[in-house]
Amino acid sequence: MTTGRSDMDALTLLDDAAAGAEAREAGHIMRFLRPPSPTVVWAHFRAEAEAQIDHWPLWLPVVFGCGSAVYFALPREPVTWLSWGLLGVAAALLVFRQRLLGRRWQLALVILGAFFLVGFSAAKLRTERVRAPVAPAGLGVVTIKAFVVDIPSPGQGGQRLLLAPITISGMTPETTPIRVRITLRPMAQLPAPGQAIRIKAMINPPPPPASPGAYDFARDAFFDSVGGVGFALGLPEPLMPSQLPPLGMRLQMQLNALRWDLTLRIVEVLGPAEGGLAAAMVTGHEAFIPRSEVDNLRAAGLAHIISISGLHMAIVGGFTYACIRMLVAAWPWLVLRIPGKKVAALSGFAMVVAYLCLSGAPNPAIRAAITASCAFWAMVFDRRALSLHTLAVSALIILVFQPEAVTEPGFQMSFAATSALVALAETWPRPVREIQTPLVIRLVQGAGTAGLASLVASLVAGLATGPFALQHFNRISTYGLVTNLLVEPVSSFVMLPALAIGALFSQTWLGTGALNIAGAAIGIMNWIAEIAAKAPFSQIVVASAPSWTLVAAFLGLLHVCLWKGHWRWLGLPLALAVNMAPRPPQPDAWVSSDASAFAIRSAGQAVFFRPDVKLFAAQVWARRRGLVEPANPSAARDGLYRCDRWSCVPGSGAPPQIAAVWTRRSAMAEGQAERLCQADILILRGEIEKSPCRTARVLTADDFRIGGSAEFYRRPQGGWRIVWAQPLRGDRPWTHGATAMEP
């Protein structure tokens, strides 16, 4: 009896314990599901904010750039006095910050707000400082007497010249642009920089965006003081100028002449196949690179090697630093008397400056040189060379002098990749040095660590730049990670160091030998690029996301890199905005800004009606909308439309019923009106006084002169919606007269 009662008491105790455990578990679940109190949330948020005290200066260039970006996003140009007023407000905030607020994080917010205002004002003042005359639309054929300043990269139409006009017929000195860029005829011989020439050409204002919302190259031309672009109608003739150019221009042209001579020397030694690319990496001249080579490098994800940027500056400066450091260390008497690390850093800085001058100082090279210089000077002042603080200083210097850099893909991609790599370097675990480890094992371990670091660095850099490459270039190089891993050892340890030695000793046997070594390395790189370019699915075309996603991706990526703590991963969804956001609907048709080129969308392809006209603009539009080019453009067009030399009318199976007339001499030829007016929309490049069609909507030269390029969307309920480029650009200094009608 006692035993039975004891068993029942034990069961009761077990039931009570189980019930208590269930109750406690339910309490934990309820506390987990219950939202935290505002006090707890505020305390957690405050703790996270306090943890960023030593990181808040990293956000100074970010808010500075945001202020500049707000200026460039405005639909209308603000008045100049507003920028000076904002500068005054920012100065007052910085001077009286201690009196306004006392806590550190509050002071940080005040300083960040002041830098935002300074960024806006700096962009406005930079615009006013570089404002220069722009060629008017419809100027016609002119005779240009000018100095050849430089030979820029070839365009879609061929080789180009950058001219400093002495006179332009039909224009007064006050209205003459400071710089003009001319495309030469195919058989024209390139004059050397510094020569004075006379040439007949057709010039217009810098071109507007290729399609609504596309990148605005006219803005780049405005800040480069290029006030006119066009093409030559004859061959350049030598000219004896009556006066010398200013001293600064003479020095610039002399330096460019030396660069051009070195370019010719490199091409002479290596030939166009390897020499063109070698010259581009040394002097910045891309005039001799074969088109097929550029296409292969682009398809393989190696096109960044052509433009002189951070990779080139890092390798050249780092190679110089390592050599000087080893030479100093190899001389015991010298190593005891000078700081070898600082001397090597100053030598690396000097080489970076020399390389910048040799490259012609394009904007990407300037930004890369500033970043590398900040790293070397950090060594001189006993600071960490690779740190987020050093990167922030370099970004702030760049934005102070070039606020427009925030709009350029090169700046966005460069600092996105560099920020991600530096943040990775700061969190990368430091290996423990082992004692008395055999040399073979240490070599194997070092090789494995270096290989893993290269793989992770390439992956991180690719992920960081991916959103910007998608948004701006609309291409994914499928094998880009593999090709960059294969090419990186060749370019870092053989190609670029050999090119540096070859450029320094170009007139000696040592320079010739170094150039030949570099040429062999370039041959290996071209071989890898060709294999990757011809592989299946080497490139994938991806449509651009809405414009807000680019800003979200940049800020999200910076939040991941700069925030300290677990909250950094809150920026990851924003960093993936370009990748994840739904794409806008694809337009049914596109027309260029001068109504000379036309394309439609058919079965996921972009059908070009005039593939030999405005090809670059048509390709930009197609990639932005995720459309691929047909293998045979003429066959794709003729299967849908009936075209002759001057016009196209839709056939029975044409998806968009749009007709077009290309000539401006006679907008509507006799007998054309009836069949052209059967379309829903009729595009005329010329001008007419009265519409010949009753039902079709007619767009003429006046419409495109005002609106720029256009996209056509079919409405579900019937009719068409037209989106014009010019209203999206706004009324800014670089948009005036940019919708010139070209011949």
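**Figure 1. Surroundings of Glu 404 in the predicted model.** In this predicted model, Glu 404 lies in the loop that connects α14 and α15. When neighbours within four places in sequence are left aside, Glu 404 is in contact with Phe 72, Arg 126 and Phe 223. The relative accessible area of Glu 404 is 3%, so this residue is classed as buried, the limit being under 20%.

**Figure 2. The largest nonpolar core.** Nonpolar side chains in soluble globular proteins tend to be buried together. In the model, the largest nonpolar core holds 45 residues. Within this core, Phe 72, Leu 557 and Leu 562 touch the most other members. Elements that contribute two or more residues include the helical segments α3 (60-73), α4 (80-95), α6 and α7 (217-223). Also among them are α14 (388-401), α15 (409-427), α16 (439-473) and α19 (548-562). The largest share comes from α6, which supplies nine residues.

Figure 3. Leu 562 is one of the residues that touch the most other members of the largest nonpolar core. If residues up to four places away in sequence are not counted, Leu 562 touches Gln 52, His 55, Leu 58, Trp 59, Val 62 and Leu 388. A separate, second core comprises 32 residues, including Leu 270, Ala 278, Met 495 and Ala 529.

**Figure 4. The second largest pocket.** The volume of the second largest pocket is about 420 Å³. Its lining consists of 15 residues, and those nearest the centre of the pocket are Ala 49, Gln 52, Leu 109, Leu 112 and Trp 563. Two or more lining residues come from each of α2 (38-50) and α6 (104-130). The largest share of the lining, five residues, belongs to α2. By residue class, the lining of the second largest pocket contains 12 nonpolar residues, one polar residue and two charged residues.

Figure 5. A probe the size of a water molecule, rolled over the atoms, shows where empty space is left. Three cavities of 30 Å³ or more are found in a search of the whole structure. The second largest cavity has a volume of about 40 Å³. Its lining is formed by Trp 590, Ala 597, Phe 598, Ala 599, Phe 608, Phe 609, Arg 610, Pro 611, Val 613, Leu 615 and Ala 618. The elements giving two or more residues to this lining are the strand β10 (598-602) and the helix α22 (615-624). The lining of the second largest cavity comprises 10 nonpolar residues, no polar residues and one charged residue.

**Figure 6. The disulfide between Cys 643 and Cys 648, with two further cysteines.** A disulfide is a covalent bond between the sulfur atoms of two cysteines. The model contains one disulfide, which joins Cys 643 to Cys 648 with an S to S distance of 1.8 Å. The torsion about the S-S bond of Cys 643 and Cys 648 is about 120°, and the disulfide is therefore right-handed. Cys 643 is partly exposed, at 27% relative accessibility, whereas Cys 648 is buried, with a relative accessible area of 1%. Two further cysteines, Cys 323 with a relative accessible area of 26% and Cys 357 at 36% relative accessibility, are partly exposed.

How values were computed
Residues are numbered from 1 along each chain as its sequence is written. This is a predicted model: local features need pLDDT of at least 70, side-chain atom pairs count only at pLDDT 80 or more; totals for chains, interfaces and linings use all residues. Side-chain values use heavy atoms; hydrogens and water are left out. A disulfide is a pair of cysteine sulfur atoms within 2.5 Å. Buried means under 20% relative accessible area, exposed over 50%, partly exposed in between (1.4 Å probe, protein chains only). On a 1 Å grid over the protein atoms alone, a cavity is a set of points where a 1.4 Å probe fits but cannot get out, and a pocket is an open set with protein on both sides within 12 Å along at least five of seven lines; lining residues have an atom within 4 Å of a point. Grid points are joined across faces, edges and corners, and a volume is the space filled by probe spheres set on the points. Helices (H or I, at least four residues) and strands (E, at least two) are DSSP runs, numbered from the N terminus. Ala, Val, Leu, Ile, Met, Phe, Trp, Tyr, Cys and Pro count as nonpolar, Asp, Glu, Lys and Arg as charged, and the others, Gly among them, as polar. A nonpolar core is a set of buried Ala, Val, Leu, Ile, Met, Phe, Trp, Tyr and Cys residues joined through side-chain atoms within 4.5 Å. Contact means heavy atoms within 4.5 Å.
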